[in-house]
Amino acid sequence: MKINLKVWRQANTQSKGDFKDYTVNEVSEDMSFLEMFDVLNEELVRKGEEPVAFDHDCREGICGMCSMYINGRAHGPEQGTTTCQLHMRHFKDGETVVVEPWRAQAFPVLKDLVVDRSAFDRIIQSGGFISVNTGNAVDANSLPVPKHNAELSFDAAACIGCGACVAACKNASAMLFVSAKVSQLALLPQGQPERYNRVQAMVHQMDLEGFGNCTNTGACEAECPKEISISNIARMNRDFMVAKIAE
Amino acid sequence: MSLDSKIPEGPLAEKWTRYKATIPLVNPANKRHIEVIVVGSGLAGASAAASLAEMGYKVKVFCFQDSPRRAHSIAAQGGINAAKNYSNDGDSVFRLFYDTIKGGDYRSREANVHRLAEVSTAIIDQCVAQGVPFAREYGGLLDNRSFGGVQVSRTFYARGQTGQQLLLGAYSALSRQIGKKQVQMYNRHEMLEVVTIDGKARGIIARDLVSGKLERHFGHAVVLASGGYGNVFFLSTNAMGSNATAAWKAYKKGAFFGNPCFTQIHPTCIPVSGDHQSKLTLMSESLRNDGRIWVPKKQNDPRKGVDIPEDERDYYLERRYPAYGNLVPRDIASRAAKERCDAGYGVGASKMAVYLDFSDAIQRLGKDVIAARYGNLFEMYEKITGENPYERPMRIYPAVHYTMGGLWVDYNLMTTVEGLYATGECNFSDHGANRLGASALMQGLADGYFVLPITIGAFLSKDIRTKAIPTDHPAFAEAEQAVQNQINRLMNVKGTETVDHFHKQLGKVMWEYCGMGRNAEGLKKGQGMVREIREAFWKNVRIPGTADSLNPELEKALRVADYLELGELMIADALNRNESCGGHFREEYQDEGGEALRNDDEYTYVAAWEFKGDNQAPELHKEKLIFENVKLVQRSYK
């Protein structure tokens with residue numbers, strides 16, 4: 001099949017970008033969305049043009065590196081799917097597809113579809129961990145965790161840090177990302193000693209990075225490729241309130 | 001130069017404990033002044049960097065991705081082994097050691113593997129303490145499952161995302177140290193050269209992938225944790241960016257390369273769907289706990305899998321290997337699938353696939369139980385193929401997955417260049433000729449948390465008087481110039497073909513002649529073809545854009561230039577090893593039943609290759625493997 005593309009091109013952070021039109025012929029329905037971009041880029045290189053820069057790595061939906069905003073939706077039209085796992089069988093022959101980078105003040109564009117998400121790393125560095133040095137651990141089974149809590153903790157820990165929640169939110173809020181890490185650790189006995197300091201430190205850093213506030217539209221949950229639940233945000237808000245009251 | 005593996009004296013089970021107690025230490029005041037460079041932020045790199053920083057060293061970490069959390073360890077699915085014996089099924093450190101040695105077809109070092117088994121239990125403790133949400137039983141205690149090549153349940157797992165959860169644990173430990181300014185993190189940086197001064201590794205040249213600028217970084221020691229080289233084959237289960245450049249540059253600076261031909265072809269991957277294919281996706285080995293592998297009994301059977309009645313199906317693994325059945329080691333399962341497909345029993349449109357069928361398990365346990373165990377894998381399969389594996393059997397075929405070979409290291413994990421270390425998949429050390437499932441995560445974290453941070457003291461303790469060397473030292477200038485020259489040369493080829501064009505050609509040759517089955521004639525032919533592709537690459541590759549900006553084509557070209565050299569070394573190693581062992585199956589050496597025939601008299605050694613200059617034959621060094629605690633037998637899983 002044939003796909004028409006409108007792709008955001010931008011030389012670097014400073015320059016102004018715009019949309020460029022491309023057509024990719026002979027797209028197979030078994031191709032992933034990124035493999036279609038591979039085909040486009042091969043053609044561009046052969047023509048002597050610069051290929052479209054985009055982030056990608058594992059191509060199996062787990063590294064969180066791919067980040068395309070497709071037809072107005074983070075990671076495209078399929079629920080619970082990263083761009084690399086989106087296949088062309090979900091598009092129609094002759095369709096025009098608009099592809100943009102994540103758009104958020106805290107995620108500046110580096111080139112074309114590549115953005116800088118290091119703000120997420122800095123939020124984790126501010127407190128998204130349990131302080132345990134190597135060699136300090138007790139026997140793993142000396143810390144039983146109720147299965148239900150372990151499962152909830154896992155659901156939150158499944159976050160891949162791709163930033164789709166921020167891209168999908170009209171406020172560019174990072175609450176889903178931050179709350180996923182806060183919840184994962186708050187649900188485990190190991191996470192208790194630092195529970196309230198952690199949530200304060202991470203929220204503080206989140207605000208410093210320039211992410212917007214949460215207004216409960218739920219766009220983050222709807223677009224999250226790992227379907228992280230918005231109830232994590234409620235859990236984080238509760239812990240944050242408790243921490244503030246205790247202060 | 002002779003190889004000294006520096007294996008400590010004493011009985012096997014006491015070597016590590018005794019040695020640990022005698023390794024020289026660096027006092028805390030001195031650690032503050034010692035800088036260590038870590039290249040790579042996967043399980044081995046992140047855990048080593050975090051642990052070294054906790055101990056007080058100044059650490060710099062480099063990764064090519066936009067965040068250390070993206071390293072490809074994240075994609076490991078099934079689990080991590082540890083000799084906890086929580087299942088009360090007779091497991092022990094010795095048994096894990098023995099299974100790993102046997103699984104590796106007796107081509108790994110006893111002392112290293114025993115140490116791995118010893119520290120395995122502490123890894124689980126450490127990860128749980130970090131908040132890694134492993135699977136649990138209703139009583140709140142940890143759950144285990146079984147993996148290929150063993151008869152106990154010692155594999156800990158976190159749904160089908162064990163690698164992700166372990167990596168995020170290591171990443172959180174690393175992030176904590178970055179936050180404390182004990183680690184300086186360099187995202188979107190690629191190491192392109194090792195800097196050696198007076199024979200010691202003293203730094204690296206890295207390229208900032210956003211600005212294109214070359215940077216010089218000093219370290220008292222350099223640790224490579226840069227992963228394996230499976231992408232030589234173009235199609236593999238590795239991430240697109242996984243590459244061999246750091247290891248290859250180290251090789252060209254004097255680090256020997258161990259057993260480069262030992263590559264693991266994983267039996268259960270989603271088959272290739274067409275020429276556009278950019279990578280292959282693994283379906284976890286854990287699926288073989290409940291899935292049954294079969295092909296039709298009739299050649300070229302045109303019927304759909306679900307339409308073929310039970311008595312017309314050949315469960316060939318259960319038939320050939322009744323003791324282990326579907327859970328035979330990876331090399332054996334892969335070869336058996338290839339054998340059936342080559343003989344005309346393959347399924348699907350390409351006929352290069354076999355079925356992995358869950359209908360029996362769903363009947364026995366119910367769909368819910370299967371969904372709880374493998375739900376995310378089934379979803380992933382459906383996304384990629386458009387087929388529902390709850391209703392029809394999965395189609396699978398082997399794919400390149402892991403490289404057991406890598407930089408040769410001694411017991412301290414130091415390469416033949418002093419002060420240059422290699423950990424995790426980047427080294428050759430623990431898996432011999434075949435890695436067992438759930439052992440890669442174990443090795444990466446063992447090296448990073450519990451081995452390297454201690455053994456590196458043997459080198460650094462002698463270095464406490466060495467001041468940081470300024471990066472205007474001529475050795476840095478020279479190394480940077482070498483990188484600059486290579487980049488200039490690539491940019492100036494200005495040919496007509498893309499980087500991927502050459503990479504795909506190389507991959508096809510390697511898969512055809514140095515893949516699951518190899519023979520002397522094919523290998524020689526492949527060697528010539530690799531040389532031709534390399535020449536064509538340097539004459540005709542086209543890299544648009546500039547070198548002083550974000551340029552993914554240039555990044556790929558630099559990596560492929562190295563694959564084109566490494567591929568030839570892999571072939572040379574495969575040609576040298578006139579036996580079949582583990583993942584290295586030389587068709588000339590098999591028994592009547594088609595099983596691999598080792599030659600212990602002549603090949604019980606590690607082949608360590610020394611670089612002798614461009615376009616010159618590398619020199620082979622042999623590290624004799626001595627087995628004092630296990631008896632070498634023909635592996636049998638029957």
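Let me begin with a term: two strands are said to pair if DSSP finds at least two bridges between them. With that in hand, consider the model before us, which is a predicted one. Within it, Leu5(A) stands opposite Val97(A) in strand S5 of chain A.

I shall stay with that part of chain A for a moment. Strand S1, residues 3-9, and strand S5, residues 96-100, pair in the parallel sense over four bridges. Beside the partners already named, Lys6(A) has Val98(A) as its bridge partner in S5(A). In a regular strand, side chains alternate between the two faces of the sheet.

S5(A) also pairs with strand S3, residues 69-70 of chain A, in the antiparallel sense and over two bridges. There, Tyr69(A) has its bridge partner in Glu100(A). Taken together, these strands belong to an open sheet of five, in the order S2-S1-S5-S3-S4, with mixed pairing. The edges of that sheet are strand S2 (18-24) and strand S4 (73-74) of chain A, each of which pairs on one side only.

I turn now to a sheet in chain B. Here we have an open sheet of five strands, ordered S11-S15-S14-S12-S13, and its pairing is antiparallel. Its edge strands are S11 (263-269) and S13 of chain B, and each pairs on one side only. S11(B) is joined by five bridges to strand S15, residues 394-403 of chain B, and the two run antiparallel. As an example from that pairing, His266(B) stands opposite Ala399(B) in S15(B).

Next, how do the two chains meet? In contact with one another are 72 residues of chain A and 77 residues of chain B. Between them the chains bury about 6200 Å², with 52% of it on carbon and sulfur atoms. Which three residues supply more than any others of the area that chain A buries against chain B? They are Glu60(A), Thr134(A) and Phe154(A), which supply 12% of that area.

Polar groups also take part. The count between chain A and chain B is 47 residue pairs in polar contact, and across the interface there are seven salt bridges. Asp55(A) and Arg188(B) meet through their side chains in a salt bridge, at 2.8 Å from N to O.

Several elements of chain A each supply at least two residues of the side that touches chain B, among them helix H1 (33-46), helix H2 (118-125) and helix H5 (175-186). The largest share of that side, seven residues, comes from H3(A). By residue class, the side of chain A that touches chain B divides into 32 nonpolar, 20 polar and 20 charged residues.

The side chains of Glu151(A) and Lys147(A) meet in one, with an N to O distance of 3.8 Å. Why are these two residues separated by about one helical turn? Because Glu151(A) and Lys147(A) are four residues apart in helix H3 of chain A. Over all chains, the structure holds 66 salt bridges.

Finally, the aromatic rings. The count comes to 34 aromatic pairs over all chains. In one pair, the rings of Trp294(B) and Tyr315(B) have their centres 6.4 Å apart and their planes at 50°, so the pair is tilted. This pair links distant parts of the chain, as the two residues are 21 residues apart. Trp294(B) lies in strand S12 (residues 292-296) of chain B, whereas Tyr315(B) is in the loop between strand S13 (313-314) and helix H8 (316-320) of chain B.

Note on methods:
Residues numbered from 1 in each chain as written. Chains lettered and ligands numbered in written order. Predicted model: local features only at pLDDT ≥ 70, side-chain atom pairs only at ≥ 80, totals over all residues. Heavy atoms only, no water. Contact = heavy atoms within 4.5 Å. Buried area = accessible area lost by both parts, 1.4 Å probe. Salt bridge = Lys/Arg side-chain N within 4 Å of Asp/Glu carboxyl O. Polar contact = N/O pair within 3.5 Å; in protein donor to acceptor, adjacent residues only side chain to side chain. Nonpolar A, V, L, I, M, F, W, Y, C, P; charged D, E, K, R; others polar. Phe/Tyr/Trp six-rings, centres within 6.5 Å; stacked < 30°, edge-to-face > 60°.
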